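Dear colleague,

Please find below the structure for your records. My notes on it follow directly after.

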Amino acid sequence: MNGKAVPAAGCAGETDQALVGRTRTPGVLDTAEDAITKLERRSWDNMLTDPRTLAAFGKWSSCMKPKGFDYKAPWAANDDPRWIAGGGKSAEAIATAKADVTCRNSFGVSETRHKVETDWQQRLLKENPKVAAEAKGYTQRVMAQVDATLGR
């Protein structure tokens, strides 16, 4: 890269070696990372089916319909395949984005989603104290090594 050889394990692998003393196998997470990532995924999945989120999405969807847009969830508007070809710059894509933002703001969709996901994260961490402690310990070890590497 830029005239320099890329390390065998890539830049991320080289960083892992320097910070945690091992080279990470691509696609394989550290045990502590894997466990906390699974809880994170569960909190996301739970947020998506939580009645509070579904109610906010329903209000958002109802707000979008009179504006001419029929989507069930906010990211459906954002991820509409029609926007890919024009890079999201068509008049329809822009109108959809404006309606999306207006409706999200009108019903606090982002705030609701964030609150619900945070509630689920806190609940799952309380239900899995060992996972939380291992992840915290891992993060502290890595950050200590970062500080040592940077001479702090």
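I begin with Arg 82, which counts as partly exposed, because its relative accessibility is 46% and the range for that class runs between 20% and 50%. Arg 82 belongs to helix α5. Please bear in mind throughout that this is a predicted model.

Surroundings of Arg 82

Setting aside residues up to four places away in sequence, Arg 82 touches Tyr 71 and Glu 92. Arg 82 and Glu 92 are 10 residues apart in sequence, and their C-alpha atoms are 9.4 Å apart in space. The side chain of Arg 82 also makes a polar contact, at 2.7 Å, with the side chain of Asp 80.

Asp 80 itself is found in the loop between α4 (74-78) and α5 (82-85). Is Asp 80 buried or exposed? Asp 80 is buried, because its relative accessible area is 9% and the cut-off for burial is under 20%. The polar contact of 2.7 Å therefore joins the side chain of Asp 80, a buried residue, to the side chain of Arg 82, a partly exposed one.

The chain as a whole

The chain has 8 helices and 0 strands, and its pattern along the sequence reads α-α-α-α-α-α-α-α. Of its 152 residues, 28% are buried. Among contacts with a separation of 6 or more, 64% are between residues 24 or more positions apart.

Asp 100 is situated in helix α6 (residues 91-107), and with a relative accessible area of 8% Asp 100 is buried. Which residues does Asp 100 contact, leaving aside its neighbours within four places in sequence? They are Trp 60, Met 64 and Pro 74.

Lys 67 sits in the loop between α3 and α4. With a relative accessible area of 41%, Lys 67 is partly exposed. Not counting residues up to four places away in sequence, Lys 67 touches Ala 99, Thr 102 and Cys 103.

The axes of α3 and α6 come within 9 Å and cross at roughly 135°. These two helices are therefore oblique to each other, since an angle has to be over 145 degrees to count as roughly antiparallel. Their crossing is right-handed. On the α3 side the contact is made by Lys 59, Trp 60, Cys 63 and Met 64, and on the α6 side by Thr 96, Ala 99, Asp 100, Cys 103, Arg 104 and Phe 107. By class, this contact of α3 with α6 comprises 6 nonpolar, 1 polar and 3 charged residues. The buried Asp 100 is thus one of the residues through which α6 meets α3.

For helix α3 (residues 51-64) and helix α7 (residues 109-127), the axes come within 9 Å and cross at roughly 170°. The two are therefore roughly antiparallel to each other, as the angle is past the cut-off of 145 degrees. Here α3 passes α7 in a left-handed crossing. From α3, the residues Arg 52, Thr 53, Ala 56, Phe 57 and Trp 60 meet Val 109, Thr 112, Val 116, Asp 119 and Trp 120 of α7. The classes represented in the contact of α3 with α7 are 6 nonpolar, 2 polar and 2 charged residues.

The axes of α6 and α7 come within 6 Å and cross at roughly 60°. Are α6 and α7 parallel, antiparallel, perpendicular or oblique to each other? They are oblique, because the angle falls between the limit of 35 degrees for roughly parallel and the 65 degrees at which roughly perpendicular begins. Cys 103, Arg 104 and Phe 107 of α6 make the contact with Val 109, Ser 110 and Thr 112 of α7. The residues of the contact of α6 with α7 divide into 3 nonpolar, 2 polar and 1 charged.

Some residues take part in two of these contacts.

Yours sincerely

Note on methods:
Residues are numbered from 1 along each chain as its sequence is written. This is a predicted model: local features need pLDDT of at least 70, side-chain atom pairs count only at pLDDT 80 or more; totals for chains, interfaces and linings use all residues. Side-chain values use heavy atoms; hydrogens and water are left out. Axes are lines fitted to C-alpha atoms, for helices over the stretch in contact, and angles run from 0 to 180 degrees between N-to-C directions. Helices (H or I, at least four residues) and strands (E, at least two) are DSSP runs, numbered from the N terminus. Angles under 35 degrees count as roughly parallel, over 145 as roughly antiparallel, 65 to 115 as roughly perpendicular and the rest as oblique. A crossing is left-handed if the near helix is turned anticlockwise from the far one by less than a right angle, and right-handed if clockwise. Contact means heavy atoms within 4.5 Å. Ala, Val, Leu, Ile, Met, Phe, Trp, Tyr, Cys and Pro count as nonpolar, Asp, Glu, Lys and Arg as charged, and the others, Gly among them, as polar. Buried means under 20% relative accessible area, exposed over 50%, partly exposed in between (1.4 Å probe, protein chains only). A polar contact is a pair of N or O atoms within 3.5 Å; within protein, one must be able to donate a hydrogen and the other to accept it, and residues adjacent in sequence count only if both atoms are side-chain atoms.
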